[in-house]
Amino acid sequence: MSNVRPENMERITNAQLANAFIEEQVKALKQQIGDKKVLLALSGGVDSSVVAALLIKAVGNQLVCVHVNHGLLRKGEPEQVIQVFRNQMSANLIYVDAVDRFLDKLAGVNNPEQKRKIIGAEFIRVFEEEARKLDGIEFLAQGTIYPDILESGPVKAHHNVGGLPDDLKFELVEPVKLLFKDEVRQVGLALGLPESMVFRQPFPGPGLGVRCLGAITRDRLEAVRESDAILREEFHNAGLEGKVWQYFTIVPDLKSVGIRDNVRCEQWPVILRAVNTRDAMSATIEEIPYSVLKKITERILSEVDGVNRVLYDITPKPTGTIEWE
């Protein structure tokens with residue numbers, strides 16, 4: 001396929017069209033890859049997960065998936081990748097525990113752009129190291145989708161795979177590059193991926209690193225991860241999961257005075273963010289019922305270490321951005 005979406009390309013809006021797309025792509029992938037091996041950085045997001053499932057269907061264990069846990073993923077995400085792809089789909093999956101490596105590199109770094117550069121560069125290094133350990137890899141699969149091509153060219157920059165050294169000489173495999181996000185989700189459902197993975201919220205490339213504001217510390221990062229899990233669970237329980245485009249927590253590098261066990265203490269605040277948008281260029285604030293906010297607050301204050309306040313950010317975009325960093 002070319003990088004220009006054909007005008008007559010039918011939108012994938014149901015299982016029948018998704019299955020037709022899958023059948024077409026499986027044939028194309030078999031023809032492109034033949035009996036060679038293909039490498040994929042599997043983040044657990046919808047795009048890379050759908051590409052992995054397509055390639056498993058097309059070439060089986062010729063696909064080598066590399067899942068890098070950099071310590072900045074949401075609660076339960078590395079475990080879900082292993083459960084779905086290794087245990088359920090019998091994928092050839094390499095799991096790399098690089099948590100200490102990333103967090104050591106990020107220690108003391110408080111500039112948001114510098115944090116992003118460190119995370120991106122370190123990901124490339126880890127992925128390159130794993131690639132060089134493997135023999136017979138001739139193809140590199142990426143979860144490029146059509147908006148990536150429109151916005152930033154054919155290489156999916158936020159996956160950081162485009163920075164691999166030229167001497168590796170991988171040929172690209174991009175089976176969903178002409179699809180929009182909603183179409184990718186339809187294909188994922190047709191491939192049997194769990195809904196929690198297919199409908200995973202948009203997640204920044206640096207992960208929780210941009211939601212642990214300022215210099216990342218392990219205890220504050222854990223406060224972000226645990227509070228985010230509580231927010232997502234309570235939104236699910238309240239039926240808000242499919243009604244709000246994106247919701248998450250932020251923990252800034254500041255403390256305020258509070259009281260715990262009748263003793264004054266200085267601890268962090270947790271900031272809640274929940275927005276709706278069509279294109280991420282602007283965003284409105286979701287009005288969360290007070291009863292839900294109260295339940296979330298009670299749980300965060302009782303279950304998350306080091307936190308004594310919960311705040312709700314009601315700033316639209318503009319003037320605020322969706323993320324804080």
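Visitor: In what order do the 5 strands of the open sheet stand?
Guide: Residues are numbered from 1 along each chain as its sequence is written, and side-chain values use heavy atoms, leaving out hydrogens and water. Strands (E, at least two residues) and helices (H or I, at least four) are DSSP runs numbered from the N terminus, and two strands pair if DSSP finds at least two bridges between them. Here the pairing is parallel, and the order is β3-β2-β1-β4-β5.

Visitor: Which strands stand at the edges, and what does the twist average from one strand to the next?
Guide: The edge strands are β3 (92–97) and β5 (171–173); each has a single partner strand, so one side of each lacks a neighbour in the sheet. From one strand to the next, the twist averages 30°.

Visitor: Which residue of β4 is the bridge partner of valine 38?
Guide: Strands β1 (residues 37–41) and β4 (residues 137–141) pair in the parallel sense over 4 bridges. Within β4, the partner of valine 38 is phenylalanine 139.

Visitor: At what angle does α3 run to β3?
Guide: Let me start with α1 (residues 15–33), which lies across β1, β4 and β5 and runs at about 170° to β5; angles are taken from 0 to 180 degrees between N-to-C directions of axes fitted to C-alpha atoms, for helices over the stretch in contact. Helix α3 (residues 77–88) packs on the sheet too, touching β2 (63–69) and β3. Its angle to β3 is about 165°.

Visitor: With which side chain does glutamate 122 make a polar contact?
Guide: Glutamate 122 lies in helix α5 (residues 112–132) and is buried, with a relative accessible area of 2%. Beyond four places in sequence, glutamate 122 is in contact with Arg101, Phe102 and Lys105. A polar contact is a pair of N or O atoms within 3.5 Å; within protein, one must be able to donate a hydrogen and the other to accept it, and residues adjacent in sequence count only if both atoms are side-chain atoms. For glutamate 122 the partner, at 2.7 Å, is arginine 125.

Visitor: How far apart are the end C-alpha atoms of α9?
Guide: Helix α9 (residues 218–237) has 20 residues, and the expected span is 1.5 Å times one less than that number.

Visitor: How far is threonine 315 from arginine 273 in space, C-alpha to C-alpha?
Guide: Threonine 315 is found in the segment after β10, and its side chain makes a polar contact with that of aspartate 313 (2.8 Å). Threonine 315 and arginine 273 are 42 residues apart in sequence, yet their separation in space is 9.0 Å.

Visitor: Over which residues is the pLDDT below 50?
Guide: The mean pLDDT of the protein chain is 93, and 95% of its residues reach 70 or more. Where pLDDT is low, the predicted coordinates should not be read in detail. The stretch below 50 has 22 contacts beyond near neighbours in sequence, and it covers residues 153–160.

How values were computed. Predicted model: local features only at pLDDT ≥ 70, side-chain atom pairs only at ≥ 80, totals over all residues. Contact = heavy atoms within 4.5 Å. pLDDT = per-residue confidence, 0-100. Buried < 20%, exposed > 50% of the residue type's maximum accessible area, 1.4 Å probe, protein only.
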